[in-house]
Every structure is written in structure tokens, then in C-alpha cells.
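Let's walk through this protein together, one piece at a time. Keep the picture beside you and look up each residue as we reach it.

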Amino acid sequence: MRMRPTGLSRSRLLREESRPSTSSNAGSRASAEKALEQELLCWFFFGASHGAGGGIGRARAEHRLSSLVEVALVMRRGERRSHGGASGKAALEEGQPPSSLPPPPPNGASLPVGEGPRGDSPPVAAAASAAAAAPDAAVVTHGDRRSTESEVYDDGTNTFFWEAHTLTVLFILTCTLGYVTLLEETPQDTTYNTKRGIVASILVFLCFGVTQAKDGPFSRPHPAYWRFWLCVSVVYELFLIFILFQTVHDGRQFMKFIDPNLGVPLPERDYGGNCLIYDPNNETDAFHNIWDKLDGFVPAHFLGWYLKTLMIRDWWMCMIISVTFEFLEYSLEHQLPNFSECWWDHWIMDVILCNGLGIYCGMKTLGWLSLKTYKWQGLWNIPTYKGKMKRIAFQFTPYSWVKFEWKPASSLRRWLAVCGIIFIFLLAELNTFYLKFVLWMPPEHYLVLLRLVFYVNVGGVAMREIYDFMDDPKFHKKLGQQAWLVAAITATEFLIVVKYDPYTLTLSLPFYITQCWILGIMLVLAWTVWRFFIHDITLRYKEIRRQKQEHKFGKDKYLSNGDGQSVLDTTNILLLNKGRFQEKKKNPYK
């Protein structure tokens, strides 16, 4: 007679899963897992033995197997929760005690310390070793840290530097406004009062935003620093909206309120000129063309691409943006004269030297940041002056690190997201040149430099928010605030260019350049259709065909094992032995 395996109590397993993870019930949990594994094996063979005949036996086996799989998933979730840790840096900064840590390892073992913001939990021994190394410290852990995130150790020091000073800022702001209102005589200059009123309104908004705005993903050197740039983004976007709603003449003349030297048409300049690397006609210096190009924009290019690499954190994306922008300069040099450069200026000085060297140094810095130990201590907890100075310097480095893995070919969503990021980067780069042209700002003006500094500070936060939104949409359900503002600012800048000088933008491209761009776009679209539609359909067809073949020959595969012995006989032997063991357990004196 064929025997049926006995059932394992699901309520017992759920009780084991809900209990706290202590040493007293560790053995019972292990025994429950072992019993679950044994019953899964028995019910599998039981279903295989009834597979040929079908009927009630096979249906009963399939139902029981599905129940056991559900129990296994519940136990696995309980195991993950039992490995969770503290609630993170936010709890530490608010003065909340961290979650309970595991006991320290024996013999003073030393292992890596805690972790960063989110992701799969590290081994419990790592947190235990950190607690053993510093009993008063906290290992910042979460139950779902991603594998690309670094581990962070923080002793939880909450000093005056990290406290919110909302009442202090409000008191100082009120006293300042009271002084201006009661003790200062208002000048009779309308223009001066208008400028001062606008500046005061902006400063009040910045004070509110720095103290009350929502924090972003960065916390170093201080969260208030990133809140400040978030508020600056809002002010800059409002300024662009104001310029967009003016006439072309009024918008250009409005720039005189910022700088009286603006609002004047730019002089014509020859940017291409003589492209000879060695000029034999120049007796003074035959390499004068090279030295003429080595101006202040060379280190600016290098520094700019170094910082862009720290934002994007991917070598391929940086190189694609760098090379594509040079092709855009080739294509648009008939619209803007400063796009007209020598070939060696494009490919040697820009792509290889400035951009390439900046990307290389940026990737080296990324490697150092990914390997760096993120161990934070309070300044007053460090005994030596050298350690204090080192801690002050490291305050301007990231609190933790996330390695960006864009994986554009993994899914259509990620591919479109990466293409959108590249497009926004290229559009922001083009806006730099076109805005100078339509608003009559010389390249060396301080407003141009301030705009670049602005993008350096907001770009890193925006890229992190975009990556989080793309990589983990279930946790980050909406696009970050800084990323939203950067996209809006880039679009508004382009609309200003379209409104203020549509004639320049509508200058038709040369025919051969148009053909090249059409060919490139068609290749990208063809690759997209092949990779995410045709390729996936082919893989699905092959998988269905393979499953059908396995199902067709599955009966022969399960009827015999490698030695030619019937699986049915093996199953009956296992079930018979288990039945005898259970019968003897019920009646040990039989």
C-alpha cells in the first residue's frame, strides 16, 4: 500500500516565525526548517508516484506542496526581519536610540562595520563586531540595503551643528526686518528700493527653505547646504519664468538691472581661424595656434568633466555624452560662431585631454569612494588633533556611497531613462552657449560662471534621485524634488532660447549633416526594437518550445533515474521507512 506523508503544522511554523530571534528558540526554528525540508521531499516523491495515474493523490500532493512553499516563504521573510538593524542616520540625528544589536563575537573578532541608507542586510556578525569595537557606537543598518551601497558606521553623536535652529533663524530674521522698518530711513531711489526689495524677498525665502524644506539624499557637509541649493533652484526657475514672459527687448534690457554692462549686442569673434598646428609663416612662435587655445576654459573643461563623472558615475555614459556633444558642435557651428573650432581642438584638446583626463580622474575618485570605509565619529570623541583635522576634512566627503549600475540594456524602462538622462545633459550643455547668445552675455561674465556652479551643486543630487527612482520604483514612488526642478529649469532655458531667437534655431542643417543624424537615430531605434521587442519575443518562443519538449519527455525522465531503478520504488522505500519510524514513535514498546 502506498503511504502518504504526514502534514507539518503550518500554525507551528508561523509561531516559530513570529517569535523573537533568540538563542532559546533557535533550535526549534532549525528543527522546523528541517522538518519542512523533509516533508517537501516526501510530498514531491508522493506526487511523482501519483503522476502517472493522476487523480486524487496527485491533486492532494500539489495542494500540499503549494501550502508548504507558502510556509517556506513566510519563514524566509521572518529570517530577513530577524537580521534587521537600526533605523538609520535619521534616528541617530534625532537622538533616537538605535535598534538592538546582536551580541559581540567571541575572542574580540573584528569584522566590517555597518552600512548606508538602504539595501539587503549585511551579516549579523559584521554588526556584532562593530558593537564589540565600540560599545557606545551604532551600526547604521537596514533590512533591505542594496548591494551597491556602502556600509556606514556612525557613533550617533548629535551635536549643536546637527540640531535644527528654526527658532534662532526666525528670531534673527524678525530682528533684521524690524531694524530695517523702524530704525533705517528708506531711500527715495525707486530703482534701488526695487532691487533691495527683491533681494530681501529672496533671502527670506531662502531662510524659510533652509530650515523647513525636505531633506534630499545627501547629508554632507550638512543637509542645510543641499536645502539651500534646492531653494536656489526654485528662485532660478522663477527668474527664468519671468524672463520667458517678457518681450525680447524687455528681457534683454532687464539684464541691466543685474549688471549695467549687459543688454548690449555681443561683438563678432572668429573662433576657428587658422587651424595649423605648426605655422611656418610665424617666425616668432610656430605653435602660436596651440598656445592661443590654452586659456582659462581648458581647466574649466577638465574640472567640469571631473565633476560630471562624479555625478553620473559611469564611464560609458560620460564618454557618450562627451563625444556626442562634439558632434553637436560640428553640426551647429553654422548657428553659433563659437562652435566653430579646429579639428584638433575638438578631438585632441577637448575629447582626449580635457574631457578624457577629467573622466579618468573622476573614475579614479569613484573607485576610492567605493572602497573607502565610512566610519563617522563625533569631533569631541576623537582624542588627537590630527584625527580632529582629518574628521573636519572628511566632513566634505559623502556620508555613504552608492555605486550606480545603470544597466541600460536590462529593460526598456532603464534604456529610455538612460537616453533621457543623456538628452537632458546635452540640452543643458547647449543651453549654456545659446543663452549667452540670445541674452547678450559675454562668455567671461560672472553670471555664466554662477550658472555652472549652480548646476554642479544641484546636478549630483538630481542624478542620485533619478537613479533611486529608476532603480527602485517601489520604494521611491515619485521623482525627487531636485531632479524635477533641474528638468524644469533645462526645459525653461530652452524655451527662452526658442522665443528670443527663433531665426538662429531654424537655420537648416547642411544636407550631409542631416543625413548623418537621421542615420544615427534610425540605428538607435532599430537597436531598441530588436533588443526589447524582437529579441525578447525570440527568447519567449525558445523558452516555450523548451518547456514543451521537457513536458513531452518528462514522463520518461521521471520514471527512471540514472541507475535504471524506478523512482516509484525509491519513493515507496522512503515513505515506508518514514511510516515505520512514525509508527514506532507512537508505540515505542511494539
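Where helix H11 meets helix H13, the H11 side brings Val 298, His 301, Phe 302, Trp 305, Tyr 306, Thr 309 and Leu 310. Facing them in H13 are Met 349, Asp 350, Cys 354, Asn 355, Leu 357, Gly 358, Ile 359, Cys 361, Gly 362, Met 363, Thr 365 and Leu 366. Contact here means heavy atoms within 4.5 Å. The residues of this contact of H11 with H13 divide into 12 nonpolar, 6 polar and 1 charged. In that sorting, Ala, Val, Leu, Ile, Met, Phe, Trp, Tyr, Cys and Pro count as nonpolar, Asp, Glu, Lys and Arg as charged, and the others, Gly among them, as polar.

A word on what you are looking at: this is a predicted model, in which local features need pLDDT of at least 70 and side-chain atom pairs count only at pLDDT 80 or more, while totals for chains, interfaces and linings use all residues. Residues are numbered from 1 along each chain as its sequence is written, and side-chain values use heavy atoms, with hydrogens and water left out. Helices (H or I, at least four residues) and strands (E, at least two) are DSSP runs, numbered from the N terminus.

How do we describe two packed helices? We use the angle between their axes and the distance between the axes. H11 and H13 (residues 343–371) pack at an angle of about 40 degrees, with their axes 7 Å apart. The axes are lines fitted to C-alpha atoms, for helices over the stretch in contact, and angles run from 0 to 180 degrees between N-to-C directions. H11 and H13 are therefore oblique to each other; angles under 35 degrees count as roughly parallel, over 145 as roughly antiparallel, 65 to 115 as roughly perpendicular and the rest as oblique. H11 passes H13 in a right-handed crossing. A crossing is right-handed if the near helix is turned clockwise from the far one by less than a right angle, and left-handed if anticlockwise.

Now stay with H11 and find Leu 303, which is part of this helix. Leu 303 is partly exposed, with a relative accessible area of 46%. Buried means under 20% relative accessible area, exposed over 50%, and partly exposed in between (1.4 Å probe, protein chains only). Leu 303 and Cys 361 are 58 residues apart in sequence, and their C-alpha atoms are 9.7 Å apart in space.

Next, follow H11 (residues 297–312) to Ile 312. Is Ile 312 buried or exposed? It is buried, with a relative accessible area of 0%. Leaving aside neighbours within four places in sequence, Ile 312 is in contact with Met 317, Cys 318, Ile 321, Phe 404, Trp 406, Phe 425 and Met 463. The C-alpha atoms of Ile 312 and Arg 464 are separated by 8.6 Å, although the two residues are 152 residues apart along the chain.

Arg 313 sits in the loop between H11 and helix H12 (315–332). At 10% relative accessibility, Arg 313 counts as buried. Most residues other than glycine have a negative phi, and most peptide bonds are trans. Arg 313, however, has a positive phi of about 60 degrees although it is not a glycine. Trp 440, in the loop between H15 and helix H16 (446–471), also has a positive phi of about 60 degrees without being a glycine. As for peptide bonds, the one from Arg 220 to Pro 221 is cis, with omega near 5 degrees. You will find Pro 221 in the loop between helix H7 (190–212) and helix H8 (223–244).

The axes of H15 (residues 412–438) and H17 (residues 481–500) come within 9 Å and cross at roughly 40 degrees. This crossing of H15 and H17 is left-handed. The residues of their contact divide into 10 nonpolar, 2 polar and 1 charged.

Finally, step back to the whole protein chain. There are 21 helices and 3 strands in it, and buried residues make up 35% of its 590 residues. Among contacts in the chain with a separation of 6 or more, 71% are between residues 24 or more positions apart.
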